Amino acid sequence: TFCNKLKLPTKFSDIAKEITESVCNSSILLGRNPSTIAAASIYIASTLYKDPNIKIDLNMLQTVANKTIGTIDNSYKVICENLTLIIPEKLKYLLN
């Protein structure tokens with residue numbers, strides 16, 4: 001997985017996976033490549049999971065996902081616009 005390639009901690013990886021699954025189960029990014037959704041979800045998780053030791057930028061995600069920065073960023077923006085609707089209930093604490 002991308003989180004493994006980026007050597008991210010398990011707790012962070014679990015959060016990113018939850019967000020990815022929620023996005024995939026919604027229709028907000030219907031038709032987008034799963035790699036794009038995963039990369040955008042990791043980027044979202046990095047903004048919500050406030051750990052100063054975890055630093056993820058679009059260049060890193062572009063490399064592991066093999067997608068352009070623009071593609072990942074566009075999906076990231078769509079997720080942000082719908083975040084309160086798609087974030088799993090057990091992760092809503094991250095929105096505070």
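Trainee: Let's start in the middle, then: how many residues does the largest nonpolar core have?

Mentor: In this predicted model, the largest nonpolar core has 35 residues, and those with the most contacts inside it are Leu-8, Phe-12, Ile-19, Ile-42, Leu-61 and Ile-79. Helices H1 (2–5), H2 (10–25), H3 (34–48), H4 (58–65), H5 (69–81) and H6 (83–86) each supply at least two residues of this core.

Trainee: And which helix gives the largest share of this core?

Mentor: That is H3, from which nine residues of the core come. As background, nonpolar side chains tend to be buried together in soluble globular proteins.

Trainee: Okay, stay with H3 for a moment: how many of its residues are buried?

Mentor: Twelve of the 15 residues in H3 are buried, so this helix is mostly covered. Among the buried ones are Ile-37, Ala-38, Ala-39, Ser-41, Ile-42, Tyr-43 and Leu-48, and what covers the buried residues of H3 includes H1, H2, H4, H5 and H6.

Trainee: How far does H3 reach from end to end?

Mentor: From its first C-alpha to its last, H3 reaches 21 Å, which is close to the 21 Å expected for its 15 residues at 1.5 Å a residue.

Trainee: What about H2, what span should that one have?

Mentor: The 16 residues of H2 should span 22 Å at 1.5 Å a residue, and the end C-alpha atoms of H2 are 22 Å apart, which agrees.

Trainee: Which residues are buried in H2, and what do they pack against?

Mentor: The buried residues of H2 are Phe-12, Ser-13, Ile-15, Ala-16, Ile-19, Thr-20, Ser-22 and Val-23, and they pack against H1, H3, H5 and H6.

Trainee: Why does Ser-22 count as buried?

Mentor: Ser-22 has 17% relative accessibility, and it counts as buried because the cut-off is under 20%. Leaving aside its neighbours within four places in sequence, Ser-22 is in contact with Ile-86, Ile-87 and Pro-88.

Trainee: New topic: how do H4 and H5 lie relative to each other?

Mentor: The axes of H4 and H5 come within 9 Å and cross at roughly 110°. Angles from 65 to 115 degrees count as roughly perpendicular, and H4 and H5 are therefore roughly perpendicular to each other.

Trainee: Which residues make that contact?

Mentor: On H4 they are Leu-58, Asn-59, Leu-61 and Gln-62, and on H5 they are Ile-69, Ile-72 and Asp-73. Sorted by class, the contact of H4 with H5 has four nonpolar, two polar and one charged residues.

Trainee: Where is the place of Asn-66, and what is its phi near?

Mentor: Asn-66 is in the loop between H4 and H5, and its phi is near 60°, a positive value in a residue other than glycine. Asn-66 is exposed, with a relative accessible area of 68%.

Trainee: Which loop holds Lys-7, and what is its phi near?

Mentor: Lys-7 is in the loop between H1 and H2, and its phi is near 55°, again a positive value in a residue other than glycine. With a relative accessible area of 73%, Lys-7 is exposed.

Terms used: Residues are numbered from 1 along each chain as its sequence is written. This is a predicted model: local features need pLDDT of at least 70, side-chain atom pairs count only at pLDDT 80 or more; totals for chains, interfaces and linings use all residues. Side-chain values use heavy atoms; hydrogens and water are left out. A nonpolar core is a set of buried Ala, Val, Leu, Ile, Met, Phe, Trp, Tyr and Cys residues joined through side-chain atoms within 4.5 Å. Buried means under 20% relative accessible area, exposed over 50%, partly exposed in between (1.4 Å probe, protein chains only). Helices (H or I, at least four residues) and strands (E, at least two) are DSSP runs, numbered from the N terminus. Axes are lines fitted to C-alpha atoms, for helices over the stretch in contact, and angles run from 0 to 180 degrees between N-to-C directions. Angles under 35 degrees count as roughly parallel, over 145 as roughly antiparallel, 65 to 115 as roughly perpendicular and the rest as oblique. Contact means heavy atoms within 4.5 Å. Ala, Val, Leu, Ile, Met, Phe, Trp, Tyr, Cys and Pro count as nonpolar, Asp, Glu, Lys and Arg as charged, and the others, Gly among them, as polar. The expected span of a helix is 1.5 Å times one less than its number of residues.
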